[in-house]
Amino acid sequence: MDSISEAQTVDNQKLMNTVIHLIAETLGQTRVRIKPTTQLLSGQKIFDSYRLMEFILRMEDTFGIPIPDEDLDSDIFDTPRTVVRYLLSRLEKDA
Amino acid sequence: MHDLTASLLNINEAALTIEVLDKLAGLSDQGWQIQLILVDNGSRADQVQSLLDWVFGNKGRFSEVLFITATKNLGCTGGRNAAFKLAMSDRILVLDNDIVLPEDSVWLDRLWSIMEADQQVAIAAPMLVFHNRQDIVQGAGIALTKTGRVGFLDRGKLAADVSPKPIEVTAAPTACWLMRREAQHTVGLFSEEYYPVQYEDIDLCIRLKLAGWKILCDRSVRIKHIENVTTRNLRDYSYVRLTVRRGMRFKEKWADVLPKIATITEDQIYWEPIPRPKI
């Protein structure tokens with residue numbers, strides 16, 4: 001692994017940790033174990049529509065980017081991994 | 001004969017507001033001495049004019065009418081706080097303009113009676129039903145989960161299946177409150193941190209409860225409520241984002257208290273959409 005991709009991996013991991021932390025904050029409890037592949041909307045239904053919006057507001061506050069209503073897409077918010085992918089694309093675009 | 005102060009807000013919904021005002025004037029005709037405090041939260045000129053015309057035509061039916069025309073939206077927080085500051089009676093009737101009051105005063109007599117029967121009651125509220133489906137409960141008071149989620153009790157149930165007995169609840173929406181002014185004085189005003197609206201009523205109820213007061217929902221009293229009229233005129237805010245944002249503030253503020261006052265779990269929150277026509 002070259003130094004650039006290694007740095008990227010570390011950044012992605014940091015982003016993943018932040019996203020998982022924000023999910024836990026949104027749920028108001030830390031006991032639920034969230035993994036990068038945990039399904040947020042289907043399966044266990046970690047989020048209902050209210051919690052999804054709270055999570056989005058927390059992301060907007062944390063990352064300083066507006067998340068428009070058009071992006072409220074179940075593919076984007078399917079798992080922490082898809083959320084991180086979305087954030088990376090948004091942060092790159094806004095950089 | 002009873003004295004009370006009635007507080008009503010308007011924002012670009014003069015027709016609905018006047019329907020409520022007509023019912024309040026009708027109460028005056030039935031012997032109630034009402035100080036009316038009407039606050040317009042920056043409506044269009046034609047809307048204000050409609051209210052002004054109504055006030056001039058009906059002011060003699062009240063012990064006093066105070067019509068405040070704000071040049072900007074004071075919010076439900078600021079508008080109702082203005083009424084709290086100006087209220088002269090020991091009982092304050094706090095109303096939304098999207099409730100449909102009955103013609104007679106039986107509903108108010110009942111709320112008055114349960115407040116008189118227990119000096120610790122700060123708020124007596126009715127059971128709200130959908131205005132177009134009055135057989136279905138919109139909410140018989142509010143309960144909270146330990147994470148601060150709001151549940152409208154008995155929501156979606158058939159009203160006929162709900163016991164008519166009054167129950168103590170954690171909170172009630174300000175759609176219709178009969179409030180003891182002494183209790184309001186002990187906890188102060190609606191907190192402006194919830195400007196313009198959402199969660200300010202629950203916040204005030206928690207402060208009342210922590211001060212030892214009771215909030216009652218008299219489920220024998222059914223009042224029709226259209227719901228979401230106040231919030232549909234919040235031009236500068238996305239309703240959903242505003243609600244969740246104020247909910248986050250509420251949750252953070254009361255994080256230590258919520259586990260102690262929670263009476264429902266997340267599974268008990270019923271928020272399925274119930275179809276209703278546009279008004």
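Chain A brings 17 residues to its contact with chain B, and chain B brings 12 residues. The model is predicted. Together the two chains bury about 1300 Å², and 47% of that area lies on carbon and sulfur atoms. On the chain A side, A:Tyr50, A:Arg51 and A:Leu57 supply 47% of the area buried against chain B, more than any other three residues.

Now take the helices at this contact. Helix 2 of chain A (residues 49-63) packs against helix 8 of chain B (residues 239-253). Two packed helices are described by the angle between their axes and the distance between the axes. Here the angle is about 80°, and the axes are 9 Å apart. Helix 2 of chain A is therefore roughly perpendicular to helix 8 of chain B.

Which residues meet? From helix 2 of chain A come A:Tyr50, A:Met53, A:Glu54, A:Ile56, A:Leu57, A:Arg58, A:Glu60 and A:Asp61.

Six salt bridges are counted between chain A and chain B. A:Glu54 and B:Lys251 join their side chains in a salt bridge, at 2.7 Å from N to O.

Finally, turn to one residue of chain B. B:Thr77 sits in helix 3 of chain B, residues 75-86. Is B:Thr77 buried or exposed? Its relative accessible area is 0%, so B:Thr77 is buried. Beyond residues up to four places away in sequence, B:Thr77 touches B:Phe190, B:Ser191, B:Glu192, B:Tyr194, B:Tyr195, B:Pro196 and B:Glu200.

Note on methods: Residues numbered from 1 in each chain as written. Chains lettered and ligands numbered in written order. Predicted model: local features only at pLDDT ≥ 70, side-chain atom pairs only at ≥ 80, totals over all residues. Heavy atoms only, no water. Helix = DSSP H or I, 4+ residues; strand = E, 2+ residues; numbered from the N terminus. Buried < 20%, exposed > 50% of the residue type's maximum accessible area, 1.4 Å probe, protein only. Contact = heavy atoms within 4.5 Å. Axes fitted to C-alpha atoms, helices over the stretch in contact; angles between N-to-C directions. Parallel < 35°, antiparallel > 145°, perpendicular 65-115°, else oblique. Buried area = accessible area lost by both parts, 1.4 Å probe. Salt bridge = Lys/Arg side-chain N within 4 Å of Asp/Glu carboxyl O.
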